[in-house]
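Please walk through this predicted model with me.

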Amino acid sequence: MIGPLQLVLILVVTFIAAIDQFNFLESLYQPIVMGPVVGAILGDITTGLAVGGAYQLMQIGSMPVGGAQPPNAVVGGIMATVFAVVSGLDVNAALGASVPFALLGQYGVTLTFTLMSGLMAKADEEAANANPAGIVKLNYFAMALLGLLFAGATLVGVISITNPTVSDFISSLDGNWIMGGLSAAGGMMRYVGFAVLMRIMLADDMWGIYFAGFALAAILGAAGLGGPALVLVAFVGIAIALYDYNINVSIKNAGGGSGGVSDGI
Amino acid sequence: MVSNVNTYKDLTPARPLDRATLNKMVWRSLFLQASFNYERMQAAGWLYGILPGLEKIHTNKEDLSASMGHNLEFFNTHPFLVTFVMGIVLSLEQQKADIPTIRAVRVAAMGPLGGIGDAIFWFTLLPITAGITANMALEGNIIAPFLFLVVFNVVQFAVRYWLMYWSYDLGTTAIEVLTRNAKEFTHAASMLGVFVVGALTCNYGATTIRIALQNGESVIDVQGILDGVLPQLVPLSLTLMVYFLIKKKGWSTIKCIGLLLVIGIIGAAFGIWGGNYTPLVEWYTLPA
């Protein structure tokens, strides 16, 4: 069984790891570290090491890149260790049993990222008032929220040890259309960010450039170069920008300006 | 949301930032993704990171407000390489460059770093360090987690410090050329920025259509048909729709987010958007 002090320590560790997965060292949260830490709290470092190592190997190759949220390794790694030590499951069974809670962690991430989208208007307000303290608070709030949601997910996981129906219930949430919709909406919200940048940067004569950038990225994506696409896009973009710069500087130095190039003289 | 100020009130270059402030910002760069969100991604964490510098640079309230405002726009780069963007943007802020110039340089710099950072850290450093130490851990070697943390973080911090100082110096040296032809530079940089935003729309576009209908022997795959018309047509259309709502209809960003939330959830109820879920109304069955 897990004692009250052990439970509190595990929740604190979860809270820190939840924040660390996107911030700070971005390495404390890895299962290779969390396994032995949770194992030590529960009095069995050796099992913790084994579970952490196994989860880490499973994790390599499913990095959180590109925006989609895979089942969460923080809650997954911690719960797998708890199951292995407390319930005495072997390593593979523990990894399997942790999956529903990894899913719960993934929901926590989706909810936080959605809620914080709404709170960006508050950040704008702080900027308008030139209030740095407000921005600092907003960031701390977001981290605390994520940490608490994750601690909650782990708490549910610990409860499930004595109450197996909890785990079944969470598994039944997988594939829920509301979470599917939230996740789809999450993927769309970045378009608002793009649209705002376009509203500010896009002079009417630059639509061609916008679509040219889109087209180049599409071609690179189709060529299987999705990863380095933006580097290659930058090469072409810099060439265009340098050309534009040199042309305009030459025109200026040649004493243009008043007449302009469109006179057709 | 967006201030329409294009130049700072106080155009006297501020004193160069001291090492203590630069170091503080390297430390703060660790929290780039603190308030990560779907709309502007790292924007507020980015602002949090450079605030110590901005507060030193902009001593009057209006300029600080303008600077904070434009630094809250969409931002996303690789978290381990962000100090490169910080250094160059801070050097421009310190020299009181035009806001459109600073914005364009920021957007142009943040995009490519994402792919580079993923390749270095997530596809190379992490698999190697974590892979080797995970096997050590499986053999019960207690050194494994410590070795992983030390190697990973030594590389991370070396990169963060070096990039911050290097790019701040780079920006400070480049500024002379820039001010000589400021107008031309801003135009060229804005072109590069717009080009990158166009590429981002395609590269970060994450919305697909799930609908697929069995038609006798063949399958009508809606996403496949759309890809045949134009790849990433859905993300492009949604972006242009939001642009239209903001620019022509004067919608606020929060209203747009609300709309997308509704579109996302209602669409999922009818199984329109791609993803691993079971729709509420199953009006078609996915072909096996």
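**A helix pair in chain B**

Start with helix α1 of chain B, residues 19–28. It packs with α6(B) at an angle of about 130 degrees, and the two axes lie 10 Å apart. Because of that angle, α1(B) is oblique to α6(B). The crossing of α1(B) and α6(B) is right-handed.

Now look at the residues that meet. From α1(B) come Leu22(B), Met25(B) and Val26(B). From α6(B) come Arg160(B), Tyr161(B), Met164(B), Tyr165(B) and Tyr168(B). By class, the contact of α1(B) with α6(B) holds seven nonpolar residues, one charged residue and no polar ones.

Next, the strands. β1 of chain B covers residues 212–215, and β2 of chain B covers residues 218–221. The two run antiparallel and are joined by four bridges. In one of these pairings, Ala212(B) has Asp221(B) in β2(B) as its bridge partner. β1(B) and β2(B) form a hairpin, with two residues between the strands. In the turn, Gly216(B) has a positive phi of about 65 degrees.

Finally, turn to the contact between the chains. Chain B gives 109 residues and chain A gives 101 residues. On the side of chain B that touches chain A, several helices each supply at least two residues, among them α2 (43–57), α3 (61–70), α5 (99–138) and α6 (143–180). α5(B) provides the largest share of that side, with 20 residues. Sorted by class, the side of chain B that touches chain A has 70 nonpolar, 30 polar and nine charged residues.

How values were computed
Residues numbered from 1 in each chain as written. Chains lettered and ligands numbered in written order. Predicted model: local features only at pLDDT ≥ 70, side-chain atom pairs only at ≥ 80, totals over all residues. Contact = placed C-beta atoms within 7 Å. Nonpolar A, V, L, I, M, F, W, Y, C, P; charged D, E, K, R; others polar. Axes fitted to C-alpha atoms, helices over the stretch in contact; angles between N-to-C directions. Parallel < 35°, antiparallel > 145°, perpendicular 65-115°, else oblique. Left-handed = near helix turned anticlockwise from the far one by under 90°. Pairing = 2+ DSSP bridges.
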